[in-house]
Amino acid sequence: MNEKTALIAENVKQKVTETGKIVEGQMKEFVEMAKNGSTSIRGLALISGFALIISSIYEIFSNAFHFHPTAVLIAFYSLFMGGVAVAMEVDPQALPYGEKIRAWLIKYIGFVQLSTGRGMFYLVAGSLELTQDNLQATIIGFFTVLIALAYIVVGRRAVGKVKKIRQEVFPPRVLKEKFNSFDTNGDGHLDFKEFHELLLSLDVDITFQGAEMIFVSLDRDMQGGLSYEEFEKFWSEDPLTMIPV
């Protein structure tokens, strides 16, 4: 029994270590993007998620000690939403049982698959945090609300860009060749960086943040990659494939 427990503990420790390394690498990438003038909304949202978790844990213990059950309940809600935020924004490989977590999110809170829906989620999370009566929670709450507004506003602006993008005519062969040329690891999917570079190569006039919001809405399985079929639908004039941001 002790050997089994030790094995489980070692396995958990290994997964936590791997997760920490991936998250650290992702945060460094976001920082480098910011230094180069390309601030990532998703990177800021990930920071917001971690901040919500830390703040909520503090609020749970603090309010429980002072016998404020309503505040404790709100803190639990904020803790849950912070966890969801991290699950949505972090690299899928960083999540133990990541596929199961993403599948659960899609099944029960599927609106976060879209940039506008994700913005509404952060708006609720930030509003909950603002109900906590301390400076730390107020700062985190306002920061999260700003993230929400960024998701909603930039996402809506991206709609206009999509309409212009779809006016560009490229033969399917050219699109396929372009897609494959930016699929650097040959796995049949583009990550956001590859997707953004592909749009730029096609002379698409769109900001880094706008491309990020389009990517969020296209990546419907939340696995961090777009297949050629998803990209082809994105370029299609078919109204049924219009990005519902």
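Are Arg42 and Glu89 buried or exposed? Both Arg42 and Glu89 are buried. The description that follows rests on a predicted model.

## Overall architecture

The protein contains 10 helices and 2 strands. Read from the N terminus, its elements follow the order α-α-α-α-α-α-α-β-α-α-β-α.

Of the 245 residues in the protein, 43% are buried. The accessible surface amounts to about 13,600 Å², and carbon and sulfur atoms account for 64% of that area. When contacts between residues at least 6 apart in sequence are considered, 68% of them join residues at least 24 apart.

## A buried network of charges

Side chains of opposite charge can pair when their charged atoms come close. Across the whole structure, 3 salt bridges are found. One of them links the side chains of Arg42 and Glu89, with an N to O distance of 2.7 Å. Arg42 belongs to helix α2 (residues 41-65) and Glu89 to helix α3 (residues 69-89), so this pair ties together parts that lie 47 residues apart in sequence.

Glu89 also meets the side chain of Arg118 in a salt bridge, at 3.3 Å from N to O. Because Arg118 is in helix α5 (residues 115-130) while Glu89 is in helix α3, the pair ties together parts 29 residues apart in sequence. Arg118 is buried, as is Glu89.

Glu177 is partly exposed, its relative accessible area being 46%. Arg173 has a relative accessibility of 55% and therefore counts as exposed, the cut-off being over 50%. Elsewhere, salt bridges with shared partners join Arg42, Glu89 and Arg118 into one network.

Helix α8 spans residues 192-201, and its buried residues are Phe192, Glu194, Phe195, His196, Leu198 and Leu199. The cover over these buried residues includes α7, β1 (189-190), α9 (208-218), β2 (226-227) and α10 (228-235).

The N-terminal end of α8 is capped by Asp191, which has a side-chain oxygen 3.3 Å from the backbone nitrogen of Lys193. Just after α8, Asp203 adopts a positive phi of about 60°.

## Leu226 in strand β2

Leu226 is located in strand β2. With a relative accessibility of 0%, Leu226 counts as buried. Which residues does Leu226 touch, not counting residues up to four places away in sequence? They are Phe179, Gly188, His189, Leu190, Phe195, Phe215, Leu218 and Asp219.

Leu226 and His189 are 37 residues apart in sequence, yet their C-alpha atoms are 4.9 Å apart in space. Phe195, another residue that Leu226 touches, is among the buried residues of helix α8.

Phe80, Trp104 and Tyr108 make a nonpolar surface patch of about 340 Å². Phe80 is placed in helix α3, the helix that also holds Glu89. Phe80 is partly exposed, with a relative accessible area of 43%, whereas Glu89 is buried.

Terms used:
Residues are numbered from 1 along each chain as its sequence is written. This is a predicted model: local features need pLDDT of at least 70, side-chain atom pairs count only at pLDDT 80 or more; totals for chains, interfaces and linings use all residues. Side-chain values use heavy atoms; hydrogens and water are left out. A salt bridge is a side-chain nitrogen of Lys or Arg within 4 Å of a carboxyl oxygen of Asp or Glu. Helices (H or I, at least four residues) and strands (E, at least two) are DSSP runs, numbered from the N terminus. Buried means under 20% relative accessible area, exposed over 50%, partly exposed in between (1.4 Å probe, protein chains only). Contact means heavy atoms within 4.5 Å. A polar contact is a pair of N or O atoms within 3.5 Å; within protein, one must be able to donate a hydrogen and the other to accept it, and residues adjacent in sequence count only if both atoms are side-chain atoms. Patches are made of residues with over 30% relative accessible area and no salt bridge: like charges are joined within 9 Å, nonpolar side chains (Val, Leu, Ile, Met, Phe, Trp, Tyr) within 5 Å. Accessible areas come from the Shrake-Rupley method with a 1.4 Å probe; for residues, only the protein chains shown count as cover.
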